[in-house]
Structures are given as structure tokens and as C-alpha cells.
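Trainee: Could you help me read the aromatic contacts in a model?

Mentor: Gladly; let us open it together.

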Amino acid sequence: MGQLSSNLRQGSSIASSPTRRRKTGLNSSNSSRSATPTTDSPSPEETKQPSARSLKKRLLNLKRRHDSVLQNYYSSGTSYSEPISSLIYSLASELGRDDNDLLWLAIVGVSSLELSGRTMTGVGISNTSESGGSAGWGGQRGEHIRQILRDEVHRLNPPDPLERDRDIRGEINGVIPTTARSPTDTSIRLSPEPRFLLVRHWSLYESMLHSPYLAPRLHVWTENGRKRLHKLLAKMGISLTQCHQYYTHMDMELKRVLRSRLLKYAPMYGLDGLVPAEGAGSASAREGWGFVRCWGWKACLSATDVGVIVGAMLEVGPHEASPSWDSRRLPRARGNDDTESGVASAESDLTSLLPRFWSAYDALSLTSESPTLLLESLPLAQHLHRAILRTGTSLLSKHQIRHLRAFRIAVVKDGPDVKLFTNPGALTKLALWIAEAIRVQEKERGDSVKIGRKRAAGTPLVLAGLDEDRDLYVVVGTGGGGGVVDFAAMSKRRDERKKKKEAKDKKQKEKADRRSKRAAERAEKEDGSDAEEEESEESESSSESESEDEEDPRGKKHLLRNRFGIAFQEVVQETNARVRIDSFEHCVVEVQKDDLGGFLEALSFRSVVG
């Protein structure tokens, strides 16, 4: 025993079991790690990189997850938000580079958006506010932007102290400014603009007759409608001799009382929003007022006038204008006599389009020649709107508008202005004029069209214009009257829903308290007679919640967007129709003449508004 213990103390080599060796090695390694700190090595699971197959599977899952969101977005249709011109002005204002010229371009951009039918639900007519003035685009949101622009006008165009009293008297009387204050006056002013067309540069009668707001409501395409217009003028005390003169040549006293008489007699004919209301002219608000700019004694134009003139310059070529139109500035497009192919015809169209674009660009360049170019193009704008009135009157009076399953259809294929409406912009304006007339008729008859769960006034319209030179139809599809979202009304509905929910929660809490009290009473009396009563209350509660859901659907149910662009593409994929989609607007296509019937038949089974 002593020999063994001495050998152990001297570290003799005695064989140990494998288990002991492993434990000893682990203990020694742990002690060495504790003595000398080193970086922890990652575990095998952490160092293993995902394979290419797993990465691809992960990517596909992510794509499938978001595909439905993208599909819902693209299939919802087209819409227009705030104009780019006002966004650019906001950016310039933030950078401290805003000025009067940039403000004027922003105002013209906002006004042009309304004239061309660009609503918050795509191209189409809008449920415009009847409160008066230029209210149209975007409902409360659009009016908020216009109010910001009015504030900017006051900031950048302070009134002259010497002319302050005269300006205040003119604004109180509601006189439309037609001249500048001085030869060097280039300021922007506010004006209680009526919903007339080019009133400063036309006679009062012609301006009212061609107004896109007034004409559909008076039914000027009929003989009775013309008589109603004459009666309105007679009640206001304006003779036909006076109203057929140019507005600037009218009696000054009539121009002073024009607004007050319109406010008095226009509501008798359903024209409540013809001019801004009396209370809207306060210095703080001036809701519904328009914008006017003068270039000395050269010209005095409203923002709407500029939008109408520039639109006509883009949409009408000089070879289509009236004989009085001076076509020296816009070179004529090459004729199609020597062109037999579609490619040559397209090149001819491009040759005609480029001069129009640059002429419109020069007219907006704010140089000394800008007002001169605009005034020279006035006959072009008047020619376009006379053609719209003639063609729209012909289609409505001859009952050439048919009602298909999902939309109405009209074709412009004869008449003196047929070539004018081969341009998508001019055809769109004609379609908006006709659609507004149809909407007013439906509203007066109390008709409506059911789209999904909502009954909406107005019906989508498809208008086709024949282009004989290229043997095709230019087709445009416009929405049917859901183009304005009233955000104030939506906010009010949200508040009402919140109050209803609070009242409902309070009612349910009271019912729960009563049920608990009855349960305690039943436990004491061992009476189950209240069970049926409890079930009936629960059924009443569920029925009330269902009725509330039906009365107040989600806000986006009210957004009836223009889906013609999507419907056009679907029809092209399913049919052999020869179609070209080559426009800035998705709701405009070109269809070969022989394929129009089949194209429209397939389109009638599509959802064009949603």
C-alpha cells in the first residue's frame, strides 16, 4: 500500500480508462479557455449559408405575397392626384425661389386639369360642387389647393395703396376685371369668375351658350333650351342687342350688376353654382374665385382662358381651323395624298403635332410675345368649342347615342367637323360635354345606374371619331360621374361611424350588465325564463351591426375609377382586333374601321368603371 501511494505521488504511469481520459481532456480545455480568452467559434448551424434553392424559394414566396397588392393597384383603374405645376411651385417656395411667373404657371396648370377632365378617378366628368366659381377638381382637396394659391396671390401681389379703394369697390360689386391698372401692370388678381367660356373675348351670349357648365343644364341643343337662355337674359334685364356685343363693349352699368342678377335669377333654372356666392367674397376666403393676369394694355386673361387657348393649340391643327384663323405661325402638316401606308400617315401626324407643341410652349413662356401668341390663337379656341356645340347638338337631337350593357356609345362619322375630332384631346372634350349633358338629364329624370353596391348618377361613355385618311376610329372612354372625392364628407362619415360605434359599445356594455344581473337573479331563483329574452337581444344587436355595415361601406367603394385602359388591353388580348394604344391617356385607343363592331361588342362585357 505504501509503495502504491508513493508511485501515485510521483506521477507514475498507470493506465486509465477511456472515459476518464475524455473527461480529463475536456476539463483541461475548459481551464485553458478560462485562462486565455479567445473568440468564440460559431456553431455549425450558424456558419452554414442558405442554398440557392432556398433563397429562390424565399424570393418566390415574397413575390407571391406582394403580387396581390400590385394586382389590386393596377386593376383599380386610373386616377389623377395634385397637378405637377402646383407641386413644383411648392418645391420652389420651400427653396425660396418662388415668384409671380411661377405662381401663374401653377395656377394655369390647376385650371387646365379641370378643363381636360382629369379627375381623381381618371378621365371623366366630376360631381362638381354647386357652390359656385371654379370649384371642380378634387372637391374639398382641390379647393384647398386653390385657396393656398389665392393666399400666394395676396402675398406676391400686394395692393397699391393709391388704388386700394377702387379695387375694393370693384370686388364688392363683383365686376370682372378686363383691363390692367397701368401700362406696366403684370400682377395677378382675384376675380369672381362666372362659369362662362372666354367671356372677355366673346359676346356674353356666345360665352354662355358654349359654357360646359351652363349648356347641359339649360339643354341648349334643343329649341326650348335656347328659349330658356333668352328668358334668363330677359329676366336679368339684358337685351339681346347688348348680350350679342363683345363683353368689353357692353354697358358698364350692366357689367356692374351682372353678378348680383345672376345670383338672383340663375337658381330658378338650376344654375346655383354659376357664380361664386355672396358670402364667398370675403378677403380671408373668396371661395370659388378665379385668377386673372394682365400684361399692361396688351392683354388681360384669366387662368381658364389660357387653359382653353393652349388646349386648342395642342388639339387643333391650322388646316382644321376656320377661314378667319391665321395659320402663319403653325406650319401645315404634309398632306396624306401621297401616303398609302400607316407608317407614312403616323409620320404626317407627328409632323403636325410638333409645331403645335412648340407653339403652345412659346405661348406659356411668359415672354413679351406670350400674350400676343395667346390672343392670336383665340379664334382657334372659339372654332373648337363651336364645333363641340354643333356636333354634340347633332348627336343628342338625332338620338345617335346608344346604351349598351356597361356604357353608352356614340360615333362621329359625318358632318363638317368630323376631321377635327380625330385628335384625342378634342374628342375627349366632346365626350365630356356629351357625358355631362346625359348626367344632367338622368339627374332630372331621377335615373341612376347601379355599379356594385353603389348607385351612381351618370353612365360611362365611349365616343369614336372616324379618321378617313387612316381608315380607323379614334376611341375614347370617359367615366360616369364619380370623379370627385369629397374628403370633408368622408371625414364627417368617419366621425359619424365613430359616434355610432361608441353608442353601440355603450349599449352592449349596458346589456352585459343587465345580463349579469339577470344571471345572478336566475342563480337565486333558478329560473331560466330570461334565456329567450337574452337570445333575442343578441339577434337585435347583430342585425343592427349588419345594417350599419350596409349603410356605411368603406370610403373606397365611392371611388368609381376609369378602367377603360385596362378593359381595352383585355379586349385586345382576347380578340383579333387591330388596335393601337399610342396616346398619353390609357383610355384612348385607335381601332381599325372594320374591327370597331367586334371591339365594342367585346368591350361591352368588361368592367369599365370600378
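Trainee: Is Phe 357 buried, partly exposed or exposed?

Mentor: Phe 357 counts as partly exposed, at 42% relative accessibility. Buried means under 20% relative accessible area and exposed over 50%, with partly exposed in between (1.4 Å probe, protein chains only). A word on the source: this is a predicted model, where local features need pLDDT of at least 70 and side-chain atom pairs count only at pLDDT 80 or more, while totals for chains, interfaces and linings use all residues. Residues are numbered from 1 along each chain as its sequence is written, and side-chain values use heavy atoms, leaving out hydrogens and water.

Trainee: How many aromatic pairs does the structure hold?

Mentor: A pair of aromatic rings is described by the distance of the centres and the angle of the planes. Rings of Phe, Tyr and Trp (its six-membered ring) pair if their centres lie within 6.5 Å; planes under 30 degrees apart count as stacked, over 60 as edge-to-face and the rest as tilted. The structure holds 8 such pairs. One of them joins Trp 221 and Trp 433 edge-to-face, with 6.1 Å centre to centre and 70° between the planes.

Trainee: Are Trp 221 and Trp 433 buried or exposed?

Mentor: Trp 221 is buried at 9% relative accessible area, and Trp 433 is buried at 6%.

Trainee: What kind of pair do Phe 357 and Trp 358 form?

Mentor: Phe 357 and Trp 358 are edge-to-face, 5.1 Å centre to centre with 75° between the planes. Trp 358 is partly exposed, at 47% relative accessibility.

Trainee: Which residues form one aromatic cluster?

Mentor: Phe 407, Phe 564, Phe 568 and Phe 599 do.
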